[in-house]
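Here are my notes for you on this one. Keep the structure open while you read, and find each residue as it comes up.

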Amino acid sequence: MVERTNGSPWFFIAGIALIAVGLAAPLVVDTLTGQVQWLGRGAGVLVAIGGAVLLGFGIRRRRGR
């Protein structure tokens, strides 16, 4: 039996990329400036959450819901 796929792979690619950037970019900024940038970390967390939402949306579409 052939499995039917509804989801686009771009949801997975964009979701994983946003999670990686959201978690890594604030750490790079902290390293470069030598100080903790809480506003940057908060923005990074929001970007990572957006990536997780995209990833979840891609998984849900792939299951056909």
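1. Let's begin with the overall picture. Of the 65 residues in the chain, 15% are buried. Keep in mind that this is a predicted model, and the values here are computed from it.

2. What is the chain built from? You'll find two helices and zero strands. Helix α1 covers residues 9-33, and helix α2 covers residues 38-62.

3. Now see how the helices sit against each other. The axes of α1 and α2 come within 7 Å and cross at roughly 165°. Angles over 145 degrees count as roughly antiparallel, so α1 is roughly antiparallel to α2. As for handedness, α1 passes α2 in a left-handed crossing.

4. Have a look at the contacts along the chain too. Take those with a separation of 6 or more: 76% of them are between residues 24 or more positions apart.

5. Is A17 buried or partly exposed? With 39% relative accessibility, A17 counts as partly exposed, because that category lies between the 20% and 50% cut-offs.

6. Next, go to D30, which also lies in helix α1. Its relative accessible area is 10%, so D30 is buried; the cut-off for buried is under 20%.

7. What does D30 touch? Leaving out residues up to four places away in sequence, D30 touches Q35, V36, Q37 and R41. Two of these deserve a second look. With Q37, the side chain of D30 reaches the backbone nitrogen at 3.0 Å. With R41, D30 forms a salt bridge, and the closest N and O atoms are 2.8 Å apart.

8. Stay with that salt bridge for a moment. It links distant parts of the chain: D30 is in helix α1 and R41 in helix α2, eleven residues apart. How many salt bridges does a search of the whole structure find? It finds one.

9. Finally, compare how the two partners are placed. D30 counts as buried at 10% relative accessibility, whereas R41 is partly exposed, with a relative accessible area of 29%.

Conventions. Residues numbered from 1 in each chain as written. Predicted model: local features only at pLDDT ≥ 70, side-chain atom pairs only at ≥ 80, totals over all residues. Heavy atoms only, no water. Helix = DSSP H or I, 4+ residues; strand = E, 2+ residues; numbered from the N terminus. Buried < 20%, exposed > 50% of the residue type's maximum accessible area, 1.4 Å probe, protein only. Polar contact = N/O pair within 3.5 Å; in protein donor to acceptor, adjacent residues only side chain to side chain. Contact = heavy atoms within 4.5 Å. Salt bridge = Lys/Arg side-chain N within 4 Å of Asp/Glu carboxyl O. Axes fitted to C-alpha atoms, helices over the stretch in contact; angles between N-to-C directions. Parallel < 35°, antiparallel > 145°, perpendicular 65-115°, else oblique. Left-handed = near helix turned anticlockwise from the far one by under 90°.
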